[in-house]
Amino acid sequence: MVIGKSKREIEKMRAAGRLAGEVREALRAMVRPGVTTLELDAAAERMIRDAGAAPTFKGYRGFPYSICASVNEQIVHGFPSRYALKEGDIISIDVGATLGGFVGDTATTVPVGEVREDWLELIRVAEECLERAIRQCHPGRRLGDIGWAVQSLAESRGYSIVREYVGHGIGRRMHEDPQIPNYGKPGTGLKLKAGYVFAIEPMLNIGTHHTKTLADGWTVVTLDGQPSAHVEHTVAITEEGPEVLTRAGEKYAEPRAEAAALSGV
Ligand code: MG
């Protein structure tokens, strides 16, 4: 059952979302060669607790950390570790914060120093897929419109879409109904209503869409070892259209304006 939120509840979700977005941006600013993913995790936990909130992921079904840190071929749910980021890596940072009884959930994929162009392009397209999906979040549209917005762009650029992991409704709990796949048929599925709040999270791979889980029981990697990008926002559907609750002054990975100018967009 999809739990619709009142205006008052969305206001609370705005606060949780803003905090999650601020933490995401602070972590993005910390990313550089030599930083360990455990350092990012510790910084996130400190910021979240200092704000009077709780790191939603910590303890969730036994997950031991405050963020997911997924490097290169890791897709989602990566364990922070003593691994020091290297020039040329890409890292997906996923942050959840529970504030005032509601959850904000957001992720971004960040290049570490100089990164090869085809990996940067993967990140850019993942971000573009997320923005396209967000633009579907109007009352009366369908769940399949969101999935199709992601799938059609990603596949037209030659990327594959992860099937086993999907977005989700979000509210007092991190995972509520419905599941929000990054693929689908336009005009099909659940009809969107004002008051629904979704965590939309495209996961795009350069190679195969198939995945496997590492021995830690959490870290999901691409089966072929090629890189993956993952981006996520918490989005409220309002009568006026989508409101992104986790925006918080994000910076994109690379010179998008320049790329757009070159492609004539
Ligand atoms: Mg999520």
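A nonpolar core is a set of buried Ala, Val, Leu, Ile, Met, Phe, Trp, Tyr and Cys residues joined through side-chain atoms within 4.5 Å. Buried means under 20% relative accessible area, exposed over 50%, and partly exposed in between, with a 1.4 Å probe and protein chains only. Keep these terms in mind for the tour.

Before you start clicking, note that this is a predicted model, in which local features need pLDDT of at least 70 and side-chain atom pairs count only at pLDDT 80 or more, while totals for chains, interfaces and linings use all residues. Residues are numbered from 1 along each chain as its sequence is written, and side-chain values use heavy atoms, with hydrogens and water left out. Helices (H or I, at least four residues) and strands (E, at least two) are DSSP runs, numbered from the N terminus.

**Stop 1: the cores**

Select C129, I146, F198, I200 and L204. Of the 31 residues in the largest nonpolar core, these touch the most other members. Now colour helix 3 (117–134), helix 4 (143–156), strand 9 (197–200) and strand 14 (233–238), the elements that give two or more residues to this core. Helix 3 supplies the largest share, ten residues.

What does C129 touch, not counting residues up to four places away in sequence? Show V150, L153, A154, P202 and L204 to see its partners, where contact means heavy atoms within 4.5 Å. Then move to a second, separate core of 21 residues, with A69, L85, V95 and A97 among them. In soluble globular proteins, nonpolar side chains tend to be buried together.

**Stop 2: the metal site**

Next, pick the magnesium ion. Its protein donors are D105 (OD), H168 (NE2), E201 (OE) and E232 (OE), at 2.1 to 2.4 Å from the ion. Donors are N, O and S atoms within 2.8 Å of the metal (3.2 Å for Na, K and Ca); water is not among the atoms, so sites may look incomplete. Along the sequence, the donor residues follow the spacing D-x62-H-x32-E-x30-E.

Follow the chain between two of them: E201 sits in the loop between strand 9 and strand 10 (203–205), and E232 in the loop between strand 13 (228–230) and strand 14, 31 residues apart. Are E201 and E232 buried or exposed? Both are buried.

**Stop 3: two crossing helices**

Show helix 1 (residues 7–30) and helix 2 (residues 37–50), whose axes come within 10 Å and cross at roughly 145°. Axes are lines fitted to C-alpha atoms, for helices over the stretch in contact, and angles run from 0 to 180 degrees between N-to-C directions. To view the meeting surfaces, select L19, V23, A26, L27 and M30 in helix 1 with E39, L40, A43, A44, M47 and I48 in helix 2.

**Stop 4: backbone details**

Most residues other than glycine have a negative phi, and most peptide bonds are trans. Go to N72, which has a positive phi of about 55° and lies in the loop between strand 2 (67–71) and strand 3 (74–76). N72 is buried, at a relative accessible area of 13%. H77 also has a positive phi, near 65°, but H77 is partly exposed at 26%. Look for H77 in the loop between strand 3 and strand 4 (90–99).

Finish at D177 and P178, joined by a cis peptide bond with omega of about -5°. P178 belongs to strand 8 (residues 176–180).
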